[in-house]
Amino acid sequence: MAWSIADVARMSGVTSRTLRHYNEIGLLAPASIGSNGHRYYEEAELLRLQQILLMRELDLGLSEIADVLDNKLDQVTALRAHHQRLLAARDRLDILARTVSRTIAELQEGKDDSSMSKINNPENLFEGFDASHYESEARSRWPQEWEQSKQYTDTLTAEDQERMQRESTTQMVRMAEFMAAGAPVTDPAVQAEVDTHYQGVCRFWTPNAAAYKGLGQTFASDPQWRSAYDRITEGLARYQSEAMAAYADARLS
């Protein structure tokens, strides 16, 4: 029995686009392609897809999964490497927990003394945030770009992450200054700052116009990111999102 790509997408929850991507990189080829160009999968392919999804749940990369399935890499070896990544992630979460604790203390201090700024050091807001999580939809909507991002972030040291967090905070403060001055999002100086932001994102993955707009929408709609931006100044998340949309229309379309 054979199932169409639409059937497999419905059964597995994996999008047709992702299934086509798996075929393109040699991870999961269909059993056959009909005269109409439609892809069809049989039982062997469904079982392979199940193994892929199980290893994705363990956060193994696509290249690692391919090596395991094609017997080029022992599964224990792959899991050991993943274990090291989990330990690194645990360390990052420890930093993030300290960041939240410090922010709560500073906000409480600001409540107790209304003459004080709510946040004494805005750079502290973002310690521990992982820049590779910019786009929550990237993994499902742009799997190839997500994989590119993951390969880059795996190489970052704690010092690299701290430096990039400081850069990100500095950019956010500059955008807040533009917004406070009443600069429209299309202002050349604002767009130059957005270009710096875009080039920073490109260190992880290279979004097209739609993806970069989607990233900006995430900043404005995701509670964690919106709160981080708006703690610097109310409305900054929306201003950043609109500036990114203007940049995408002008430079990436």
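Which residues do ring pairs link into a cluster with Tyr 212? A quick word first: what we have up on the screen is a predicted model.

Tyr 198, Tyr 212 and Tyr 247 are joined by ring pairs into a cluster. A search through the whole structure turns up six aromatic pairs, and I'd like to walk you through two of them. If you are new to this, a pair of aromatic rings is described by how far apart the centres are and by the angle of the planes.

Take Tyr 198 and Tyr 212. Their pair is edge-to-face, with 5.0 Å centre to centre and 85° between the planes. This pair links distant parts of the chain: Tyr 198 sits in helix H9, residues 188-201, while Tyr 212 belongs to helix H10, residues 209-221, and the two are 14 residues apart. Both Tyr 198 and Tyr 212 are buried.

Now the other pair. The ring centres of Tyr 212 and Tyr 247 are 5.7 Å apart and the planes stand at 65°, so this pair is edge-to-face. Here too distant parts of the chain are linked, with Tyr 212 in helix H10 and Tyr 247 in helix H12, residues 236-252, 35 residues apart. Tyr 247 is buried, as is Tyr 212.

What is Tyr 212 in contact with, leaving aside neighbours within four places in sequence? Among the contacts are Val 194, His 197, Pro 207, Met 244 and Leu 252.

In soluble globular proteins, nonpolar side chains tend to be buried together. In this model the largest nonpolar core has 28 residues, and Tyr 212 is among those with the most contacts inside it, along with Met 175, Val 190, Val 194, Tyr 229 and Tyr 239. Helix H8 (158-180), H9, H10, helix H11 (223-232) and H12 each give two or more residues to this core. Which helix supplies the largest share? That is H12, with eight residues. There is also a second, separate core of 20 residues, which includes Trp 3, Ile 65, Val 68 and Leu 69.

Let's move to the start of the chain. In helix H1, residues 5-12, you'll find Ile 5, Val 8 and Ala 9 buried. These three cover an arc of only 100° around the axis, which means they lie on the same side of H1. The buried residues of H1 pack against E1, helix H2 (16-24), E3 and H3. After H1 comes Gly 13, with a positive phi near 85°.

E2 meets strand E3, residues 39-41, over two bridges, and Ser 32 stands opposite Tyr 40 in E3.

Last stop, helix H3, residues 43-57. Its 15 residues reach 21 Å from first C-alpha to last, close to the 21 Å expected. Which residues of H3 are buried? They are Glu 45, Arg 48, Leu 49, Ile 52, Met 55 and Arg 56. Those six span an arc of only 125° around the axis, so they are on the same side of H3.

Notes
Residues numbered from 1 in each chain as written. Predicted model: local features only at pLDDT ≥ 70, side-chain atom pairs only at ≥ 80, totals over all residues. Heavy atoms only, no water. Helix = DSSP H or I, 4+ residues; strand = E, 2+ residues; numbered from the N terminus. Expected span 1.5 Å × (residues − 1). Buried < 20%, exposed > 50% of the residue type's maximum accessible area, 1.4 Å probe, protein only. Arc of directions from axis to C-beta. Phe/Tyr/Trp six-rings, centres within 6.5 Å; stacked < 30°, edge-to-face > 60°. Pairing = 2+ DSSP bridges. Core = buried A, V, L, I, M, F, W, Y, C linked by side-chain atoms within 4.5 Å. Contact = heavy atoms within 4.5 Å.
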